Amino acid sequence: MSKPADFVQGTLDVLLLKILALEPLHGWAVSQRLKAVSGNVLQVSEGSLYPALHKLEVGGWITAEWKPTENNRRAKFYSLTRAGRKALAEQAADWERLASAVSQVLRLEEAK
Amino acid sequence: MKMSRWLSSLPLRMRTLFKKRATEMELDEEIRFHVERQVDASVERGFSPETARGMAMKEMGNVERQMEQCREVRAWQWLEILRADVRFGWRQLMKRKVTTTAAVLSLALGIGSCVAAFRLVDALFLRPMPVSDPASLYVAAYTRQPTEYLPGFSEINSYPLFEHARDVMKGEAEVAAASTMSHIDLTYGSDAETEKAYRQWVSGELFSVLGLKPVMGRLLTEDDDRVVGKSPYAVISYDYWQRRFGRDPKIIGRKFRMGDNVYEIVGVAPKGFTGTEPGTITDIFAPAKMEPDLLKSNLFYFRMFVRPKAGVNLMVLRGKMNAVYQQWENERMKSFPKDVASAFTKVTLELNAAGTGASNLQSEYGSALTVLGVLVGLVLLIACANVANLMAAQAAARTREMALWMSLGSGRARLVRMVMVESAMLALMAAALGMAFAWWATPYVVSRINPPDDPARLALSADWMVVGFGTALALGVTVLFGMLPALRASGVRPVSALKGGEEPWSKTKWMQAMIAAQVAFCFVVLFLAGLFAMTEPKLARRPMGFVAERLLLLDTVTRLPPPPVKWDQSAAVLRNVPGGDCVGELAAAERGATQ
C-alpha cells in the first residue's frame, strides 16, 4: 500500500460529488478543496481532475456555468444536479458499507 | 447510462459537436484559468512568477493530453475523430498515389473475384426459389451403384410414375412434376417467323404446390391436366414477359404455335420465379398433358417435387414413396428382358431438399465451384498480404511521424484508429471497384458455361446478400491487413524513434514473416493456375474418335417429321454444292420434331 492514490482513483467521482454538494466551485477551487480535506493522503493529480469533471458533466451529475470569480475573472463553476445528489447518496452508502466491511475484517483477532 | 440521463446530456453533446470552436475555447480558458490561479497562489506564497509558472505546469502534467481526454469525454467524440481521421487518411493516401493505386487495384481484383464467385454460388445453391416455404420442398432422386453405363444419380422419372405417386401419396404429401428444360422453336405468326424460347412442361398442380400467385391472368391448375390434348394453355415467366413483350398488359389471350399445337397464354408467373432449374430461365410453362408422347412410362423427362403435409415424418414418407417406386418399377420391368431389368432394379428413391431448385448445373458444377471458391479466396489473401506489406513498409517509414504524434499527446488507441481508418478507406475503395468488377465478371462466366448457342442462364440477383457479402469481405480485409501494421506503427517509443534509433528486431521479423507468407501463397496459386493452364488445352485437344476439322453441322428444324426421302434429297442438293466433300445424315427423332 505504498500508493494510496491508486486505490482511491476509482472513488474520485464520489469525492468530487461530495465537494460540489457543499457549494458550486470552479476547477481550481475543487483541487484546493480536495487537497485540504484529504491532507496529502489522496493525491489527485491535477491532470485527472478535469477529465473527471467533464465526465460527470456529460453524465448529467453536475452542471456547469460561467460566472465571475471573487476577483472578477470568468471561471467555469460546477454544481450538483438532482441526479448527482442521488448518485452521491448511493455511492456514499456503498463506500461506507465497503469501508466498514473491510475494517471489520481487519479487526479480526489473529489466532495465537 | 440511463435513458433519462442520456437524454439530458444530449444538448451538451450536440453543442460540442456543432459549436466546436466555442467549446474548444471554453476548454482552453478553463485550463488556462486553473494554471493562472495556481501561479497567483504560489506568487502570494513568495515564489517568483517564473518559478510559480514552472511549478504549476509541472503539476498539471501533459496539458495537451488532458485536454484530449476532456474532449474524448465530451460529445460524440468518435464522430469528430472519425471525420478528422478520414480527412487525414485521405491526405495520406493522396500523398502516395502510386502505392495507393496499386493497393486498391490488387485488393479490388481479390474482392471482385470473391464476390463474383459468391454470386455464382448464391444464385446456384444458396438463394431459395421464390416459392412459399422453400425449406419444406423436396425433389425425388434416384440413386444406385454407378455402373459403366449408368450414372449413380438421377432426378428424372416418367410422367406416369409421377401420376401414380401423386395419387397414392395424396394423404401425406403434395406431389407435382416439372420437365427438364428444352430450348424450342415457336411462332406467334407464320412459320417463317419462328423464334427460340425455353420451355418446361409442368403438371397442373406445380404452381399450387409451390404456392405461386400470378402477376396477371391465371396459372395452370389441376383442371389443365384432366384430358390429354384438351388444354392448350401456357403460362409465361415474368422475365419472358418483360424481355419479349415489354410487359404488354394485353398479353393474356395471345396465341403461339409450338410443335403441333396452338397455345393460348393465360397468365404471367410471379416476378423472380424463373422455373425450377437454377442455371436456366424458363420462358414458357405448358401442361405436360398436351403432348401424348411425353406420357409414356419409358420416357424419363420429369422431376418430381414433393411437399410433405404438416406432421408427416420425412423418413417415413421417403420409405413409403420408395416402396411405391419399387412396386412400379417391378411392374414396368416385366416387359423387359431379364438382363436389362436387373440393371434397373437396384435403385433407391431418396428425397433431397429442393428449396433452391434442382438442376443438372448444380450437380455438375458443385465441385468446380468449390475449387473456384478456394482459388479466389487465395487470390484475395495474396492481395491482402500484398497490401499489408505495403502498409507495413509505409508504417516503418512513418515511425517518426507516429512518435511525433505520441509526444504531442495522442494516445495509442487514437493512432491505431487513424491507421485503421486509412486501411478501411483503402478497403472500401477496393470494394466498390471490386463489386463493379464482379457485376461484369459473373454474367461473363455464366455465359461461358454451356455451348454458345445454348448458354446457361442464371438469375443473378443484386440483392442485399451479395452486397452484404462484399461489405463483410471489405471489413474483414481491413482488419486483416490494417491491424498489425497499425499496432506496430503505434508501438513506437517516441524518444528512441525521434532520436533515429530503431528497434531492428521486431520489425524485420514481422516483415519477413509477412513476405514469407505472401511468397508461399503466390507459389500455391501460381502452381494451381499453371496446372489449369497446362490441363485445359490438353483436354480441348483430346481426340474425339473422328476428324473434326472441316466438318460443318447444319441444324435444321421442321414442323412435321419429313420422310427419309426428303432428307436424302436435301443431302443430294448439298452434295452438289462446290467445295463440299460428303454429306452424312444424322436424324434424331424427337417428339414430332426432327433435327
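Q: In what order do the elements of chain A run from the N terminus on?
A: This is a predicted model. Chain A holds 5 helices and 3 strands. Read from the N terminus, its elements follow the order α-α-β-α-α-β-β-α.

Q: How many helices and strands are there in chain B?
A: Chain B has 595 residues, and 29% of them are buried. Its count of elements is 19 helices and 14 strands.

Q: What percentage of the residues of chain A count as buried?
A: A residue is called buried when 20 or more other C-beta atoms lie within 10 Å of its own. Chain A has 112 residues, and the share of them that count as buried is 27%.

Q: Among contacts in chain B between residues at least 6 apart in sequence, what percentage join residues at least 24 apart?
A: For chain A, the share of such contacts that join residues at least 24 apart is 54%. For chain B, the share is 79%.

Q: Are H2(A) and H3(A) roughly parallel or roughly perpendicular to each other?
A: The axes of H2(A) and helix H3 (residues 27-38) of chain A come within 10 Å and cross at roughly 105 degrees. Angles of 65 to 115 degrees count as roughly perpendicular. H2(A) and H3(A) are therefore roughly perpendicular.

Q: Which residues of H3(A) make the contact with H2(A)?
A: By class, the contact of H2(A) with H3(A) has 5 nonpolar, no polar and 1 charged residues. From H2(A) come Leu15(A), Leu16(A) and Ile19(A). On the side of H3(A), the residues are Val30(A), Arg33(A) and Leu34(A).

Q: Is the crossing of H2(A) and H5(A) left-handed or right-handed?
A: The residues of H2(A) that meet H5(A) are Val14(A), Leu17(A), Lys18(A) and Ala21(A). In H5(A) they meet residues including Leu88(A), Gln91(A) and Trp95(A). By class, this contact has 7 nonpolar, 2 polar and 2 charged residues. The crossing of H2(A) and H5(A) is left-handed.

Q: What covers the buried residues of H3(B)?
A: Helix H3 (residues 20-44) of chain B has 25 residues and reaches 36 Å from its first C-alpha to its last, close to the 36 Å expected. Its buried residues are Glu30(B), His34(B), Arg37(B), Gln38(B) and Val39(B). The elements that cover them include H4 of chain B, and from chain A, H3 and strand S3 (74-80).

Q: Which residue just after H4(B) takes a positive phi?
A: Helix H4 (residues 49-60) of chain B has 12 residues, which should span 16 Å, and its end C-alpha atoms are 16 Å apart. Just after H3(B), a positive phi of about 105 degrees is found at Gly46(B). Just after H4(B), a positive phi of about 80 degrees belongs to Gly61(B).

Q: Is Phe305(B) buried or exposed?
A: Phe305(B) sits in strand S11 (residues 302-308) of chain B. Leaving out residues up to four places away in sequence, it touches Leu137(B), Val139(B), Ala176(B), Ala178(B), Val209(B) and Ala354(B). Within 10 Å there are 27 other C-beta atoms, so Phe305(B) is buried.

Q: What is the C-alpha to C-alpha distance between Phe305(B) and Asn352(B)?
A: In sequence, Phe305(B) and Asn352(B) are 47 residues apart. In space, the C-alpha to C-alpha distance is 9.5 Å.

Q: Is Asp133(B) buried or exposed?
A: Most residues other than glycine have a negative phi. Asp133(B) is not a glycine, yet its phi is positive, about 45 degrees. This residue is found in the loop between helix H7 (97-126) and strand S1 (138-143) of chain B. With 11 other C-beta atoms within 10 Å, Asp133(B) is exposed.

Q: Where does Arg247(B) lie?
A: Arg247(B) has a positive phi of about 55 degrees although it is not a glycine. With 13 C-beta neighbours inside 10 Å, Arg247(B) counts as partly exposed. Its place in chain B is the loop between helix H10 (238-245) and strand S8 (255-258).

Technical notes
Residues numbered from 1 in each chain as written. Chains lettered and ligands numbered in written order. Predicted model: local features only at pLDDT ≥ 70, side-chain atom pairs only at ≥ 80, totals over all residues. Left-handed = near helix turned anticlockwise from the far one by under 90°. Helix = DSSP H or I, 4+ residues; strand = E, 2+ residues; numbered from the N terminus. Contact = placed C-beta atoms within 7 Å. Nonpolar A, V, L, I, M, F, W, Y, C, P; charged D, E, K, R; others polar. Buried ≥ 20, exposed ≤ 12 C-beta atoms within 10 Å, placed from the backbone. Expected span 1.5 Å × (residues − 1). Axes fitted to C-alpha atoms, helices over the stretch in contact; angles between N-to-C directions. Parallel < 35°, antiparallel > 145°, perpendicular 65-115°, else oblique.
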